[in-house]
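Work through the exercises below with the model open. Try each task before you read its solution.

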Amino acid sequence: MTVNESISDLPALRERMVEIGRLMYDRKLIVATEGNMSARLSDGNILITPAGMCKGMMKPGDLVIVDPQGRRIDGTREPSSELKMHLTALTRRPDVGACVHGHPSCATTFAILGIPLTPEGVPEFDTTIGSIPLAPYAKPSTAAVGESIAELLDNTDAILLERHGVLTVGADLDSAYFKMETVERFAEMIWRALSFAGGDMPSPDELDELFDLDTLPATQAPASRRGGKRHSPPGRKHGV
Ligand SMILES: [Zn+2]
């Protein structure tokens, strides 16, 4: 599938971006005027959310179109202040059709603490999102944010921005948004696991008990868990 093939016409893509903004706001992945999204168009231009506006209350006409250099070519509002970060991601990754940035509370707490999230030992996240590295702190809305994520993006679709928030990318808007949901879900579960374990990362066997996947019907369990035992995860090195 080519980028954003699932929504090929501009009006439908605008509607979808508005809808995802509402979802992000309703699910508290963003509050107030936080967060931003972008989607690559078939002509190479970029549809992006406006600056200074609640993304849960946008209308399709509030969205802005910029060219690949970031110059506004359609819309009356200013493009997102994180435009440079989006341009970096879309330029560096030709396979990426959309980017989503938010400040989900659990994942951002790990970002504030400077702790990357490593789903090793939790197969359902390991296989869907993979490692979520930490990009070094860069002042929000500056070109430094793009520089901080550039190399990391070569190997991941989800990044914690130190002391800031989360960036996810995908082939299309839905894919990038679902990864944002998944990062926050994983952060929430690790938070709870750490609480149960008194601050220490549970062992793989303890994770088995905490997430209790063996109680799932065999047809709902991840393939690696069917038959009782999970495959042995690689050793945990950094992060949680
Ligand atoms: Zn932000």
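Residues are numbered from 1 along each chain as its sequence is written. This is a predicted model: local features need pLDDT of at least 70, side-chain atom pairs count only at pLDDT 80 or more, and totals for chains, interfaces and linings use all residues.

**Exercise 1. Confidence**

Task: Find what pLDDT the chain averages.

Solution: 
- pLDDT is the predictor's confidence in each residue, from 0 to 100.
- The chain averages 85, and 78% of the residues score at least 70.
- Over residues 215–238 the value is below 50. Beyond near neighbours in sequence, that stretch has 26 contacts in the model. Two residues are in contact if their C-beta atoms, placed from the backbone, lie within 7 Å.

**Exercise 2. Helix 1**

Task: Compare the reach of helix 1 with its expected span, then list its buried residues.

Solution: 
- Helices are DSSP runs of H or I with at least four residues; strands are runs of E with at least two; both are numbered from the N terminus.
- The expected span is 1.5 Å times one less than the number of residues.
- A residue is buried if 20 or more other C-beta atoms lie within 10 Å of its own, exposed if 12 or fewer, and partly exposed in between; C-beta atoms are placed from the backbone.
- The buried set in helix 1 is L13, R14, R16, M17, V18, I20, G21, M24 and Y25.
- Their cover includes strand 1 (36–40), strand 2 (46–48), strand 5 (98–102) and helix 6.
- K28 follows helix 1, with a positive phi near 60°.

**Exercise 3. Strand 7**

Task: Determine in which sense strand 7 pairs with strand 6 and with strand 8.

Solution: 
- Two strands pair if DSSP finds at least two bridges between them.
- Strand 6 (residues 134–135) and strand 7 are parallel, over two bridges. L134 stands opposite L160.
- Strand 7 and strand 8 (residues 165–170) are antiparallel, over four bridges. I159 has L167 as its bridge partner.
- Three residues separate strands 7 and 8 in a hairpin; R163 in the turn has a positive phi of about 55°.
- In strand 7 (residues 158–161), A158 and L160 are buried on one side, I159 and L161 on the other.

**Exercise 4. L160**

Task: Which residues does L160 contact, leaving aside neighbours within four places in sequence?

Solution: 
- The partners are A107, F110, A111, P116, L117, I132, L134, A135 and V166.
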